[in-house]
Amino acid sequence: MKHWSESLAECQRSGQPHVLVTVISTGGSTPRAAGSKMLVLADSSIDTIGGGQLEYQALQQARALLQETEQQQVIRQVLLGADAGQCCGGYATLLFESYPARAAELWVFGAGHVAKALMQIVQQLPLPTRWIDNRPELFPAADSLAPHIECVVADTPEALLVDAPAGSRILILTHDHALDYRLAETALRLGHCASIGVIGSATKANRFRYRLTHSGMTEQQLEIMQCPVGLAEVAGKLPMEVAVSIAGQLIQQYQTDLQTGQRPNTRTTGVPLSTLKQLMRKDKQTQDVTVLTPLAPNEAPSK
């Protein structure tokens with residue numbers, strides 16, 4: 001059986017909804033001492049705070065918190081005799097730290113006009129975001145962005161995809177069609193992304209699908225890729241018009257994730273993930289990756 005701390009680390013990495021229950025103080029006779037912990041998931045629990053009615057009530061409270069959309073910390077004191085009907089007769093004070101379903105991580109490749117317009121909207125949305133490009137001069141000053149947006153400079157952006165959490169949503173908005181293709185193909189072969197959106201025309205979409213199909217991709221794999229990305233109902237070619245179309249789709253997606261209380265579905269490709277990760281990590285060893293510190297604003301035009 002896993003220790004609660006191992007499972008907690010896994011939940012934090014994957015975004016799986018969970019509640020950590022801690023006995024923070026006790027008095028009289030109690031089944032477990034202060035410091036005892038239990039991790040509660042939607043359909044299971046790891047470790048114990050003592051069993052009986054105390055634990056049963058704690059599980060009910062924890063799962064009620066998982067139905068909420070905001071992270072919470074709740075303290076509850078339980079009288080083991082009066083409240084829980086246990087013969088111990090003491091009391092236990094419990095701390096509930098709730099981490100309900102959160103929006104999937106957003107990875108945006110490209111720092112051109114559309115991406116910059118999109119970030120003006122994403123700054124106001126609850127979307128943990130990595131913004132990636134190989135041209136550091138195109139990023140705005142880091143301190144001008146919301147804390148949930150992280151700017152990353154990478155010589156080989158596609159090599160970063162192995163580190164995208166399962167269920168991440170990928171947006172490919174670069175200035176380079178060849179790079180767009182490498183990013184799309186890599187994300188599809190890894191098979192752990194919830195969606196892949198690629199900016200472009202219908203001609204570009206047809207060309208990409210033709211190449212991907214001939215490289216061995218199945219129709220099932222290609223289902224998660226959308227090119228052109230964005231809501232068809234929102235027309236226009238100006239950077240902000242395209243950004244609004246993409247943002248509208250992102251809002252639809254993360255609201256669905258939060259309402260269902262689940263991480264987005266992911267698929268497994270026919271290519272062994274471990275094999276592809278080894279290849280990608282080999283390439284990654286030769287690249288430079290930098291998390292940006294604040295830069296002076298730069299107005300250099302993007303393509």
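**Close-up views of charges and rings**

**View 1. Arg211 holds its charged end over the ring of Tyr181, 3.7 Å from the ring's centre.** Here, a charge sits over a ring if NZ of Lys or CZ of Arg is within 6 Å of the ring centre and within 35 degrees of the ring normal. This is a predicted model, where local features need pLDDT of at least 70 and side-chain atom pairs count only at pLDDT 80 or more, while totals for chains, interfaces and linings use all residues. Residues are numbered from 1 along each chain as its sequence is written, and side-chain values use heavy atoms, leaving out hydrogens and water.

**View 2. Lys204 and Asp180 form a salt bridge, with their closest N and O atoms 2.5 Å apart.** Lys204 belongs to helix H5 and Asp180 to helix H4, so this pair ties together parts that are 24 residues apart in sequence. (Helices, H or I of at least four residues, and strands, E of at least two, are DSSP runs numbered from the N terminus.) A salt bridge means a side-chain nitrogen of Lys or Arg within 4 Å of a carboxyl oxygen of Asp or Glu. The structure has five of these.

**View 3. Meet Arg130, which forms a salt bridge with Glu150, the closest N and O atoms being 2.9 Å apart.** Arg130 is in strand S7 (residues 129–133) and Glu150 in strand S8 (residues 149–154), so the pair links parts 20 residues apart in sequence. Arg130 also lies over the face of Trp107, at 5.0 Å from the ring centre.
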